[in-house]
Amino acid sequence: MRGRLPLAMVFVVFLLAIAGYGKGQGVDEQMLVNLLPSIDDIPVPDWFDIIDDEKEDYSSGYMDFEGQTYAIFSGEKETKGKVNLTTHTWHYEYEQCFDISIGIYVTNKTWYSSKYGRDVFTTESDLLFYKEYYTTGNGSKKYGYSVYEMDDEHIIVYRNAEEAIYTWEDVYGVDYEAYYFSKIRGYGVLIKFKGLLYTSFDFLNWSREYEISPETFIADDDTCLKFLKNYFDEYANEVFEKLDDMLKEYVPSEVTILYEYDFDYSNGQMLTVGWSDHTPDPFPLYNLSVEVMGSVYYPQTDITGRIDMDELFNTSYILFDGETYKIKLAITTTDSKYEERTKTNELLPREAVIECYVEIDDIGRIDKVTIKKAHNCWIDTGNGLEILYTKNGFKEVDATDGFKIKVRGLIAWEKLIKYSIYKFLEESNFYSSVSSAGKFDLAMINSIPIYYSRGLNPGYDPTLNIINMSDAPGNIYTYDSAHFDTIFHEYAHAIKEHPYHFVDEDVDSYLGGGHGSTCDESNIYFAFEEGHSEFFASLMVDYVKEKKLIEDVFLADTDYYTSSCHYGKEGDKVEGAVAGLLLNGLYLDYTKYEYSNPQAKAYGIFAKACELCHKYLKHYPYSIHDVLPFIVAVEPNCEDSLEYWDIVKNYNCGITQHISMNPDKNGLYGYPVLVAVEPSWRTSIEINVNGTKYTVEEPDYGAFKVDDGMACIIFIEKNTEITADFSQGGGVYIILLNLQGKSMEEILAMKYGWTKDAIIEFEKDGIKVKQGEVVVKSNAGVTYKAGDKIKIIPHSEFILEYFNNTANIYVLEGLIETANEFIKEEISKGYKAIISNESIDISKYESKELDELWNMFGDALQTLNIEKEEGNGGKQPGFEIIVIATAVLFVAAMKRRRKK
């Protein structure tokens with residue numbers, strides 16, 4: 001291989017070329033020309049004959065649009081000859097050719113590629129394009145080309161010369177392209193190789209014997225490629241090495257300004273343009289100004305947001321001892337719809353201000369640039385974009401080699417928040433857990449606009465489906481802002497409005513409007529509505545911090561509601577206590593230690609519990625009492641955190657009962673029981689379950705039937721005893737459900753006994769009525785007991801009274817089997833029986849008695865959809881329409897209030 005121009009000499013030429021060349025003015029094309037080889041430097045393959053023709057050419061220039069300085073060498077080495085037969089003057093002719101082009105392309109221009117999620121040099125884009133153009137996989141072919149070698153910074157592709165040159169000649173060799181890329185001191189350097197290396201023949205007959213064999217002049221593809229690769233590698237590496245040395249003496253001095261104007265939900269990436277570039281509506285009006293020494297001037301960037309540092313920092317305004325420049329960036333719009341919603345014409349929440357101390361040398365050139373402060377923006381001096389503001393003050397950075405500034409528009413901020421909420425819900429399995437979750441998908445979240453500078457208090461308006469913020473955008477999307485919590489809080493109200501929508505809209509009468517602190521007592525509905533929003537908001541703040549969706553510096557400390565003012569009250573009526581219970585119990589004391597994504601997991605448990613509540617109570621939770629037992633049912637291991645930990649006890653929000661972790665599948669063990677109050681004015685009944693007391697009460701807004709807000713779920717185990725204290729109420733209804741939330745067709749309505757409380761016990765093999773009056777509708781065949789010695793196997797509807805060891809049974813529909821210690825009898829519809837431990841007395845009851853039964857037990861019978869008509873054989877209503885209705889009748893239509 002022949003020698004090339006010594007690169008040490010090239011370096012000398014390079015230094016001469018830059019003598020007197022000011023900093024920050026780009027790479028001169030002559031510098032690159034001096035790095036190119038001459039025709040004499042191009043090596044000759046050892047299978048080539050003596051070269052008898054050489055050509056070379058050079059070109060160079062600057063491509064303004066791509067910001068590339070380039071220099072190109074093209075050359076050709078050729079040999080020709082004639083070889084006779086060994087026995088005759090017949091001959092073949094051969095031609096060997098090495099046709100090559102080498103281009104060096106250098107730029108410091110980049111553009112943001114959403115595909116790669118980073119800035120890409122314009123020179124680098126060629127390499128990235130051809131990687132994809134030529135390959136669809138490792139070593140696969142595209143358009144006849146094969147990949148010889150490919151890595152992050154270079155690629156060689158080729159095809160056999162016979163495929164590339166279409167003549168009647170025999171042709172052997174390769175047609176090739178090669179790309180080498182390297183990032184060198186703020187520049188992207190690309191070296192392109194193109195050309196042909198081949199041997200062709202005329203008049204060749206391979207069956208004849210020649211004085212010189214044709215194989216002497218040819219090489220196979222692998223040999224050709226190895227020859228080329230060795231040359232390319234050596235040449236490219238030396239150029240990269242020398243450019244690195246040269247550019248040590250050269251200071252990149254460009255500033256790039258980027259504008260994040262929108263957010264792409266599909267890939268979770270910001271949409272970014274250069275300063276001065278156009279964007280979709282609202283149309284931006286850019287304002288870049290620089291203040292120094294009391295003067296203001298307005299430098300211009302190109303469409304990619306680039307500007308020479310010499311132009312940005314105009315040193316003619318200052319003396320030689322340096323000065324502080326203030327770069328100010330603002331973007332406005334004339335879009336009236338945007339202005340109406342935001343109460344401003346600013347597309348950035350706040351003007352960005354970057355304070356730079358600029359030092360100059362003794363002839364007025366920029367010698368050093370130090371960024372002292374950077375407000376409301378991101379800065380990149382070579383280590384990636386960062387916020388220079390910290391809660392302890394500003395961080396100074398050396399920006400002498402150039403830097404980037406990135407600002408974020410209000411629309412991009414809003415969409416980032418909405419995307420964060422969606423991702424949080426997605427990771428919590430909200431969309432697979434909650435049946436109505438589709439009502440709050442990304443499209444719905446995105447469709448809820450945020451309005452600014454509206455009134456004294458922020459709030460979600462369900463009537464208009466909008467969020468109102470009392471502050472201006474500049475006071476919200478700023479450092480150490482508590483308003484991110486507020487926005488998350490209001491979107492949580494929207495969740496309650498859409499997927500967790502109330503069945504009984506009268507609950508709204510107790511919600512919304514201006515309210516006091518999180519320590520105030522209100523009512524159980526309001527406290528739960530607000531407590532959920534505070535729970536959700538606190539989880540979201542921690543979530544966006546840990547996922548690095550929003551930097552810590554923007555977020556105020558998370559509120560976990562641990563102030564003593566939340567303790568020692570009726571915690572189920574204190575929003576801070578409700579939020580504190582869920583945050584400290586479910587999240588901080590449980591999922592924070594058990595799961596890798598604790599915020600999403602905590603809300604996922606809560607969402608599943610809400611859905612179970614919906615299945616069992618036929619509505620989403622109205623109070624903390626509705627949801628607590630279901631949380632433990634979803635995640636039994638969290639019971640201690642929600643009930644026995646000291647801090648959650650102080651909140652005084654209620655207790656939990658749960659499904660046994662190892663239920664006995666052969667008995668009534670681990671099944672949920674719904675306990676509901678018969679409506680009457682201000683009904684409040686105490687339910688004693690194996691010593692644990694519950695208060696089940698009618699909601700404050702009143703009701704006309706057993707319905708939303710006056711029921712609780714208890715997960716029974718074997719030998720669970722339920723005692724109802726009817727000192728104020730009119731009755732209790734109990735429904736035994738399976739673990740999927742459907743009734744098991746054993747439904748009881750316990751009626752008040754004037755002498756004693758009614759008591760029912762769930763045994764392993766059945767249900768025992770120990771005293772009191774019950775109405776039963778059952779087709780499941782579960783055994784009932786009246787006391788210890790009377791057994792009843794129903795496939796019917798009946799009324800049972802049991803006092804003083806005697807049972808009275810009235811069969812309204814179907815047939816029951818009953819027995820005591822001595823007798824077994826069947827009792828059919830229309831008959832009654834008096835059963836003691838020794839006897840069973842059966843007789844038919846008259847219509848008058850039936851009327852008396854309906855007068856006494858009518859509410860219970862109607863609740864169970866038992867028909868009064870005797871013997872009509874009519875169809876009984878389905879069990880899906882029992883006890884817990886889907887709406888309260890006769891309620892006044894009331895306009896929803898804002899939830900704040």
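Start with helix H8, where Trp413, Ile417, Lys418, Ile421 and Leu425 touch Phe484, Ile487, Phe488, Tyr491 and Ile495 of helix H12. Sorted by class, this contact contains nine nonpolar residues, no polar ones and one charged residue. Keep in mind as you look that this is a predicted model.

How do the two helices lie against each other? H8 covers residues 410-427 and H12 covers residues 483-497; their axes cross at roughly 55° and come within 11 Å. H8 and H12 are therefore oblique to each other. Their crossing is right-handed.

Now stay with H8 and look for another partner, helix H15. Here the axes are 8 Å apart and the packing angle is about 65°. Angles of 65 to 115 degrees count as roughly perpendicular, and so H8 is described as roughly perpendicular to H15. This crossing, too, is right-handed. On the H8 side you will find Phe424, Leu425 and Glu427, which meet Gln599, Ala600 and Tyr603 of H15. The contact of H8 with H15 is made up of four nonpolar residues, one polar and one charged. Take a second look at Leu425: this residue of H8 meets H15, and Leu425 is also listed in the contact with H12.

From H15 we can move on to helix H14. H14 runs over residues 575-594 and H15 over residues 598-617, and the pair packs at an angle of about 125° with axes 9 Å apart. H14 and H15 are therefore oblique to each other. H14 passes H15 in a right-handed crossing. Which residues bring them together? From H14 come Leu582, Leu586, Tyr587, Tyr590, Thr591 and Lys592, and from H15 come Pro598, Gln599, Lys601, Ala602, Ile605 and Phe606. Eight residues of this contact are nonpolar, two are polar and two are charged.

How many cavities of 30 Å³ or more does the structure hold? There are four. The largest cavity has a volume of about 110 Å³. Its lining consists of Leu348, Pro349, Arg350, Asn376, Cys377, Trp378, Val407, Arg408, Trp413, Tyr477 and Phe554. By class, that lining has eight nonpolar residues, one polar and two charged.

A pocket, unlike a cavity, is an open space. The largest pocket here has a volume of about 640 Å³. Of the 25 residues that line this pocket, Phe121, Gly186, Asp380, Gly382 and Lys404 are the closest to its centre. Several strands share in the lining: E5 (118-121), E8 (170-184), E10 (254-264) and E22 (403-408) each supply at least two residues. Which strand gives the most? E5 does, with three residues. The pocket lining divides into six nonpolar, eight polar and eleven charged residues, while the lining of the largest cavity has eight nonpolar, one polar and two charged.

Finally, zoom in on the backbone. Asp281 and Pro282 are joined by a cis peptide bond, with omega at about -5°. To find Pro282, look in the loop between strand E11 (269-274) and strand E12 (285-292). The other detail is at Lys343, which has a positive phi of about 60° although it is not a glycine. Lys343 also sits in a loop, between helix H7 (336-342) and strand E16 (352-360).

Conventions: Residues are numbered from 1 along each chain as its sequence is written. This is a predicted model: local features need pLDDT of at least 70, side-chain atom pairs count only at pLDDT 80 or more; totals for chains, interfaces and linings use all residues. Side-chain values use heavy atoms; hydrogens and water are left out. Axes are lines fitted to C-alpha atoms, for helices over the stretch in contact, and angles run from 0 to 180 degrees between N-to-C directions. Helices (H or I, at least four residues) and strands (E, at least two) are DSSP runs, numbered from the N terminus. Angles under 35 degrees count as roughly parallel, over 145 as roughly antiparallel, 65 to 115 as roughly perpendicular and the rest as oblique. A crossing is left-handed if the near helix is turned anticlockwise from the far one by less than a right angle, and right-handed if clockwise. Contact means heavy atoms within 4.5 Å. Ala, Val, Leu, Ile, Met, Phe, Trp, Tyr, Cys and Pro count as nonpolar, Asp, Glu, Lys and Arg as charged, and the others, Gly among them, as polar. On a 1 Å grid over the protein atoms alone, a cavity is a set of points where a 1.4 Å probe fits but cannot get out, and a pocket is an open set with protein on both sides within 12 Å along at least five of seven lines; lining residues have an atom within 4 Å of a point. Grid points are joined across faces, edges and corners, and a volume is the space filled by probe spheres set on the points.
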